[in-house]
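Please work through the exercises below with the structure at hand. Each task is followed by a solution in steps.

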Amino acid sequence: KGMAVLSRLESAMDSWISAQECESSSTTMTEWASFSKAQLDALRLLAIDWALAHGLVVRPTADKQPFSHNASVTHAPFALFPSPFPKAAFDLAVQLQPVYNELIHTMSQDAGFLAEIMESLTLVDDFMSSLYSIYKQVQEEGPAQTISLGLHRCDYLLHVPLGSTSTPIPQQVEFNTIASSFGALSSITGDLHRYLFKMEGLEGFDRLPKNETIKALAGGIAQAHQVYGSKNAIVTVIVQPNERNVFDQRWLEYTLLESHGIRSVRKTLLEVSQRATLGNDRTLFIDNHEISVIYFRAGYGPGDYPSSKEWNARLLMEQSKAIKCPTVAYQLVGAKKVQQVLAMPGALERFVDPKTAELCRTTFAGLYSLDTTPEGQAAYKMALENPDGFVMKPQREGGGNNVYGQDIVSILSTLSERERSAYILMDLIRTPPQRNIMVREGELIEGEVISELGVYGIYLSDGKTVYANKTGGHLLRTKAQESKEGGVAAGFAVIDSPLLL
Ligand code: ADP
Ligand code: MG
Ligand code: MG
């Protein structure tokens, strides 16, 4: 089955390439290139109004907020046109998602594996070390809840090796196990593109895939709530105090209420530290409400834990009977170090059958440890000799943390041999650029862009019974080719949707 998928992938990629090379075979891609400035201005107006009317919005930065109580919004940054994306690569990523859901869960249940991963990291990364302490403490006490909920997202870029004209293949950038964002706004961006296609009579409407992320993600939380099984309990969403991407989260909260009758409350980690208590059976109460599911949209980085209060809140929640999305174990497994270890020969076979392992590996870019082993030393030399061929990554999330090019050389020169273990090295993925127009704070930015596909996964299991294992829609983020990082919230990318070719 794996090989069949691969050959289908190759042939479909070939047709994508020829469509790119031969303009006439794909009117959709060039149709808008001939639009006049007046036509683009008119389209911008349509798009911005539609976005504002349909909740494709974010809060403006504090300096641009004209009203009190955060009373105004701006459109989320979006691509004016959907970006062409090869259907075969899209289908492969969608097919792989349940495999990743299962893999992430299996790794999270393997205390020995986590210990191996954390052995070197705890010495050099205080944040990972604090998380791991919580994991170990709760393992020793005995967890009050065996069920965990995963709302993951695997991210891919298309890759063509330097100097080659071969078929681009999807390569995995990373997998996210905590606070994977933009599911809701991604779904709405797909609807925006459908609207613009209808209004303009553009070709290719049927190549804009359905994207029901809101339903899928809220459905995952609802299912966890039902399995928890307490009628009066509510869900809590853990948020950052100054979140701008509020509406992406609100859409899930509204859907929980409207489609499932489940109430939810938003709390910061600090508020949890002030208002949460554990009952005798470790039931979690916040403001005297029993909590069924904790959905983390914060807590993924050191900045979310300015004091011991936030860490205490995280520990209390992990100790509780509430279902965590994610558990600390899921968060640890989402570390870039784990991705690198999985790329070592034979490593995947520890968790999945050989055929599945082979299929997963078709999407792996080269990944290398920078630790004190002979392999780590070799990768260190390789990075110094050819820094433009790599990305160096710390164990961080949320964008803006990676090191590229000459900065790799400068940072490496400041690190001791042991401190290098906090990073991994990854081959640079080289994505062929396309043209599109990005819309940010009302401005049109036309140029060469590259797109990163994310696929959401929903997994609910108690370790024995798997209640849910499915794909939950997708996200396409598009950034200027020159920009190395890709985060939307970090200000690098816009939300897009794929036009499947
Ligand atoms: P984060 O968890 O902060 O999102 P990522 O690993 O996704 O970290 O890296 C952030 C961004 O950097 C990605 O969205 C992508 O644009 C870029 N990037 C990451 N890895 C690579 C790579 N191997 N090649 C090219 N670009 C990369
Ligand atoms: Mg990430
Ligand atoms: Mg990322």
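The exercises that follow concern a predicted model.

**Exercise 1.** Determine what span is expected for helix H9 (residues 246-260) at 1.5 Å a residue, and what span it reaches.

*Solution.* Helix H9 has 15 residues. The expected span is 1.5 Å times one less than this number of residues, which gives 21 Å. From its first C-alpha to its last, H9 reaches 21 Å, close to the expectation. After the helix comes Gly261, with a positive phi near 65°.

**Exercise 2.** Identify the buried residues of H9 and name elements that cover them.

*Solution.* A residue counts as buried if 20 or more other C-beta atoms lie within 10 Å of its own. In H9 the buried residues are Phe247, Asp248, Gln249, Trp251, Leu252, Glu253, Thr255 and Leu256. The elements covering them include helix H7 (183-200), helix H8 (213-228) and strand S7 (234-238).

**Exercise 3.** Describe how strand S7 is placed and paired.

*Solution.* Four of the five residues of S7 are buried, so the strand is largely enclosed by the rest of the structure. Five bridges link S7 in parallel to strand S11 (residues 289-296), where Val293 is the bridge partner of Val235. Four bridges link S7 in parallel to S8, and Thr236 stands opposite Val265 there. Together, S7, H9 and S8 form a right-handed β-α-β unit.

**Exercise 4.** Explain why S13 and S15 each have one side without a neighbour in the sheet.

*Solution.* The open, antiparallel sheet has the strand order S13-S16-S14-S15. Strands S13 (367-369) and S15 (403-404) stand at the edges with a single partner strand each, so one side of each lacks a neighbour in the sheet.

How values were computed
Residues numbered from 1 in each chain as written. Chains lettered and ligands numbered in written order. Predicted model: local features only at pLDDT ≥ 70, side-chain atom pairs only at ≥ 80, totals over all residues. Helix = DSSP H or I, 4+ residues; strand = E, 2+ residues; numbered from the N terminus. Buried ≥ 20, exposed ≤ 12 C-beta atoms within 10 Å, placed from the backbone. Contact = placed C-beta atoms within 7 Å. Pairing = 2+ DSSP bridges. Right-handed = clockwise from strand over helix to strand, strands pointing away.
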